[in-house]
Amino acid sequence: MTAIEADKPVLIIKLGPQVGRLFTIEADEVVVGRDAECDLVINEREISRQHIRIKHQGEMYVVEDLESKNGTWVNDEPLKGERALRDNDRITLAKTVILQYVAVGATAPIPTGPQTAKPRLRLDRSARRVFVGEKEITPPLSLPQYKLLEMLVDANGAICTREEVVKTVWADAVSEGVSEQAIDALVRRLRDRLAEVAEDHEIVITIRGHGFRVEV
């Protein structure tokens, strides 16, 4: 990937549909959302029809949450009202899509070739078998690893919170509590097992401050 100096602000989709896409903010005001009339359309069910507005204000650009159903975060902080944007700010929509803001004059990466295809993940639920592409994970995943992966797959790309992981994997231990270290250790072991057949692709993604999702 090469880079250019941005003469207009740029949004880079870092997570979600169209990952890697660069969207140049050409107008003084743009709306991002699921509606086809938005300037930047993101076809993701968790995204509101009109989710955020980014507008030119004085010498800066600001981002505003448009009363979205599932919320907006800037650098992991909840967005209430308007907030000035700075170079490299990370805008998270509904915990499922991440946009990186590149300010005027900053260096924006541009793709130099086709993106590497992501591996296809398939579960044989009746036999608790897992395939990445044409390769099967052997020996099979442990029951906690499989429960975690099945939950992430069923979420269809949406983020699963740590609380949801506990309820799914350790349902009988919810009242006793499950440590953060136990959750992280389980995610790490699942990643290691998937890496055995997924080559250079990272399938389980950690969204800092939010939870986990699969990227396939």
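Biologist: At what angle do helix α1 and helix α3 pack, and how far apart are their axes?

Modeller: Let me start with the general idea. Two packed helices are described by the angle between their axes and the distance between the axes. Axes are lines fitted to C-alpha atoms, for helices over the stretch in contact, and angles run from 0 to 180 degrees between N-to-C directions. Here, helix α1 (residues 143-154) packs on helix α3 (residues 180-198) at about 85 degrees, with the axes 10 Å apart. The two helices are therefore roughly perpendicular to each other; angles of 65 to 115 degrees count as such, under 35 as roughly parallel, over 145 as roughly antiparallel and the rest as oblique.

Biologist: Which residues make that contact?

Modeller: Contact means heavy atoms within 4.5 Å. On the α1 side they are Pro144, Gln145, Leu148 and Leu149, while α3 brings Leu186, Val187, Arg189, Leu190, Arg193 and Leu194. By class, that gives 7 nonpolar, 1 polar and 2 charged residues. Nonpolar covers Ala, Val, Leu, Ile, Met, Phe, Trp, Tyr, Cys and Pro; charged covers Asp, Glu, Lys and Arg; the others, Gly among them, are polar.

One caution before we go on: this is a predicted model, where local features need pLDDT of at least 70 and side-chain atom pairs count only at pLDDT 80 or more, while totals for chains, interfaces and linings use all residues. Residues are numbered from 1 along each chain as its sequence is written, and side-chain values use heavy atoms, with hydrogens and water left out.

Biologist: How do α2 and α3 cross?

Modeller: The axes of helix α2 (residues 162-169) and α3 come within 11 Å and cross at roughly 80 degrees. That makes α2 roughly perpendicular to α3. In α2, Arg162, Val165, Val166 and Val169 meet Glu180, Ile183, Asp184 and Leu186 of α3. This contact has 5 nonpolar, no polar and 3 charged residues.

Biologist: Now the strands, please! In what order do the 6 strands of the open sheet lie?

Modeller: Strands of a sheet pair through backbone hydrogen bonds, either parallel or antiparallel. Helices (H or I, at least four residues) and strands (E, at least two) are DSSP runs, numbered from the N terminus, and two strands pair if DSSP finds at least two bridges between them. In this model the order is β3-β2-β12-β11-β8-β9, with antiparallel pairing. β3 (22-24) and β9 (77-78) stand at the edges with a single partner strand each, so one side of each has no neighbour in the sheet.

Biologist: How many bridges join β2 to β12?

Modeller: Strand β2 (residues 10-15) and strand β12 (residues 97-102) share 5 bridges, and Val10 has Val102 as its bridge partner. Moving along, β11 and β12 are joined by 4 bridges, with Ile91 partnered by Leu99. Their hairpin has 3 residues between the strands, and Ala94 takes a positive phi near 55 degrees.

Biologist: Which residues of strand β14 lie on its covered face, and which on its uncovered one?

Modeller: In β14 (residues 121-124), Leu121 and Leu123 form the covered face, and Arg122 and Asp124 the uncovered one. β14 runs antiparallel to strand β15 (residues 129-132), joined by 4 bridges.

Definitions and conventions: Buried < 20%, exposed > 50% of the residue type's maximum accessible area, 1.4 Å probe, protein only.
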